[in-house]
Amino acid sequence: MIKVRLRNAIDRDEEDFVKCYIDAYRGLEAYAYSSKRDVKNYFKWLMKRDRKGIFTVDIIIKTQSFDSSVEKCVAFLACDSNWFSKYENEVVCEIHEIFVRREWRGIGIGSLLINKAVDYAVKKNRNKIELWVGERNYEAIMFYRKFKFIDKEKNGCWIRMVKHIRFPNVR
Ligand SMILES: CC(C)(COP(=O)(O)OP(=O)(O)OC[C@H]1O[C@@H](n2cnc3c(N)ncnc32)[C@H](O)[C@@H]1OP(=O)(O)O)[C@@H](O)C(=O)NCCC(=O)NCCS
């Protein structure tokens, strides 16, 4: 039996963040940091922006003999509820980061994290969630569209996507 535990990330998760990030972005290097040092600094920057908006997922595996093991930090979500979007001309909840380790994809962890981002944005009284996704990161684009993120403008190789929370039918 496996149990999925969603919790706030802490400073000590930095090493796991780096490992998970590098695993998750294999094949998508055009849209990601490549050096461990940059990924570490990125984690520190995220924690400074909005610490309470950074979440991670641990997997608890229980065997029939009641032993259990924990696979820590298989996914991360970094929300920033203090982000001023010049495109929306308002403070939004920005998703700076979301990723799931490859071996744990396709079982709903990404969905759990998006739903957490929505809860967090509502709690922080934001109307919109915004993010930027690489133009050829088709899997992520399909994933966001499924959650009713709308494609907005392109900037270089990035596409901006927005989800309206309070007025979900606005386009
Ligand atoms: C995008 C990502 C976070 C999705 O995580 P996940 O845990 O696999 O997502 P889920 O299992 O919750 O899937 C949710 C839905 O999205 C769909 N989806 C997920 N991956 C998909 C894919 N490759 N192609 C099409 N749809 C996909 C699933 O079909 C699922 O829908 P369903 O419930 O109707 O079957 C994950 O693929 C990832 O980490 N990608 C690499 C990092 C990245 O690109 N991050 C985004 C940067 S902007």
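Q: With which residue does Lys128 form a salt bridge, and how far apart are the closest N and O atoms?

A: Side chains of opposite charge can pair when their charged atoms come close. Here Lys128 pairs with Glu90, and the closest N and O atoms are 3.1 Å apart. The term salt bridge requires a side-chain nitrogen of Lys or Arg within 4 Å of a carboxyl oxygen of Asp or Glu. The link joins distant parts of the chain, since Lys128 belongs to strand β5 (residues 128-134) and Glu90 to strand β4, 38 residues apart. Helices (H or I, at least four residues) and strands (E, at least two) are DSSP runs, numbered from the N terminus.

Q: On what kind of model do these values rest?

A: The model is predicted, so local features need pLDDT of at least 70 and side-chain atom pairs count only at pLDDT 80 or more, whereas totals for chains, interfaces and linings use all residues. Residues are numbered from 1 along each chain as its sequence is written, and side-chain values use heavy atoms, with hydrogens and water left out.

Q: Is Lys128 buried or exposed, and which residues does its network join?

A: Lys128 counts as buried, at 11% relative accessibility. The classes are buried (under 20% relative accessible area), exposed (over 50%) and partly exposed in between, with a 1.4 Å probe and protein chains only. Through shared partners, salt bridges join Glu88, Glu90, Lys128, Glu130, Glu153 and Arg160 into one network.

Q: How many salt bridges does the structure hold, and which side chain meets Glu14 in one of them?

A: There are 17 salt bridges in the structure. Glu14 meets Lys44, with 3.1 Å from N to O. Glu14 is in helix α1 and Lys44 in helix α2, so this pair ties together parts that are 30 residues apart in sequence. Glu14 is buried at 15% relative accessible area, whereas Lys44 is partly exposed at 41%. Another salt bridge brings together the side chains of Asp23 and Arg26 (2.9 Å, N to O). Asp23 is buried, with a relative accessible area of 13%, and Arg26 is partly exposed at 46%.

Q: How far apart are the end C-alpha atoms of helix α2, and what span should its residues have?

A: The expected span of a helix is 1.5 Å times one less than its number of residues. Helix α2 (residues 36-50) has 15 residues and should span 21 Å; its end C-alpha atoms are 22 Å apart, which agrees.

Q: Which residues of α2 are buried, and which exposed residues does the face turned away from them carry?

A: The buried residues of α2 are Val39, Tyr42, Phe43, Leu46, Met47 and Asp50. Viewed down the axis of α2, they fall within an arc of 135°, so they line one face of the helix. This arc is that of the directions from the helix axis to the C-beta atoms. The face turned away from the buried side carries the exposed residues Arg37 and Lys48. The cover over the buried residues of α2 includes α1 (14-24), β2 (54-62), β3 (68-85), β4 (90-100) and α3.

Q: Which residues does Ala24 touch, leaving aside those up to four places away in sequence?

A: Contact means heavy atoms within 4.5 Å. Ala24, in helix α1, touches Phe99, Val100, Arg102 and Arg105 when residues up to four places away in sequence are not counted. Ala24 is buried, at 4% relative accessibility.

Q: Which residues form a nonpolar patch on the surface?

A: Patches are made of residues with over 30% relative accessible area and no salt bridge; like charges are joined within 9 Å, and nonpolar side chains (Val, Leu, Ile, Met, Phe, Trp, Tyr) within 5 Å. In this model, Ile2, Val4, Ile107 and Leu112 form such a patch, with about 310 Å² of accessible area together. Accessible areas come from the Shrake-Rupley method with a 1.4 Å probe; for residues, only the protein chains shown count as cover. Leu112 lies in helix α3 (residues 109-123) and is partly exposed, at 32% relative accessible area.

Q: What phi do Cys73 and Lys148 have?

A: Most residues other than glycine have a negative phi, and most peptide bonds are trans. Cys73 has a positive phi of about 50° although it is not a glycine. Cys73 is in strand β3 and is buried, at 1% relative accessibility. Lys148, also not a glycine, has a positive phi of about 65°. Lys148 is in the loop between α4 (138-146) and β6 (150-155) and counts as exposed, at 59% relative accessibility.
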